[in-house]
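Here is a short report on one protein structure. It covers the nonpolar core and the pairing of strands.

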Amino acid sequence: PLPGVKLLHLEPGPRIRGADAGLVQMQAGLHFPEHRHLGEERTLILEGELRESSGEHRRPGDFVTMAGGSSHAFEVLPGQRLIYALVLFDAVLIGDQRFPA
């Protein structure tokens, strides 16, 4: 959805059938804008670090669940790209754009 973001889609297994699953890579220093989760999102940070708009700092090994209806923005910290595993149940809204479409 943004420059500096790459997504590798993976086929979800039977326990999460219907979800969007994959690996996400974001360049160091990227500011990911405020967005709203329409369904639950689960992420596992594999490499790099980020700072949530709430001020929370996420590091490799952190497992984060965002509830449907929640919103946030974050910044990938300088010095290293961010890579995380993602399972998304539904979509996210960035402005009026829905991802995945």
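## Nonpolar core

In this predicted model, the largest nonpolar core holds 15 residues. Met26, Phe32, Phe74, Leu82 and Tyr84 have the most contacts inside it. Four strands each supply at least two residues of this core: β2 (20-26), β8 (71-76), β9 (82-88) and β10 (92-94). The largest share, 4 residues, comes from β9. In soluble globular proteins, nonpolar side chains tend to be buried together.

## Contacts of Tyr84

Tyr84 is among the core residues with the most contacts inside the core.

## The open sheet

An open sheet is built from 6 strands. Their order is β6-β5-β8-β3-β10-β11, and the pairing is antiparallel. β6 (57-58) and β11 (97-99) stand at the edges. Each has a single partner strand, so one side of each is left without a neighbour in the sheet.

Within this order, β3 (residues 31-37) and β8 are joined by 4 bridges and run antiparallel. Phe32 stands opposite Phe74 in β8. Both Phe32 and Phe74 are listed among the core residues with the most contacts.

## Pairings of β4

β4 (residues 41-47) pairs with β7 (residues 63-66) through 4 bridges, and the two run antiparallel. Here Leu44 stands opposite Phe63 in β7.

β4 is also joined to β9, by 6 bridges, again antiparallel. In this pairing Leu44 stands opposite Ala85 in β9.

Key:
Residues numbered from 1 in each chain as written. Predicted model: local features only at pLDDT ≥ 70, side-chain atom pairs only at ≥ 80, totals over all residues. Heavy atoms only, no water. Core = buried A, V, L, I, M, F, W, Y, C linked by side-chain atoms within 4.5 Å. Buried < 20%, exposed > 50% of the residue type's maximum accessible area, 1.4 Å probe, protein only. Pairing = 2+ DSSP bridges.
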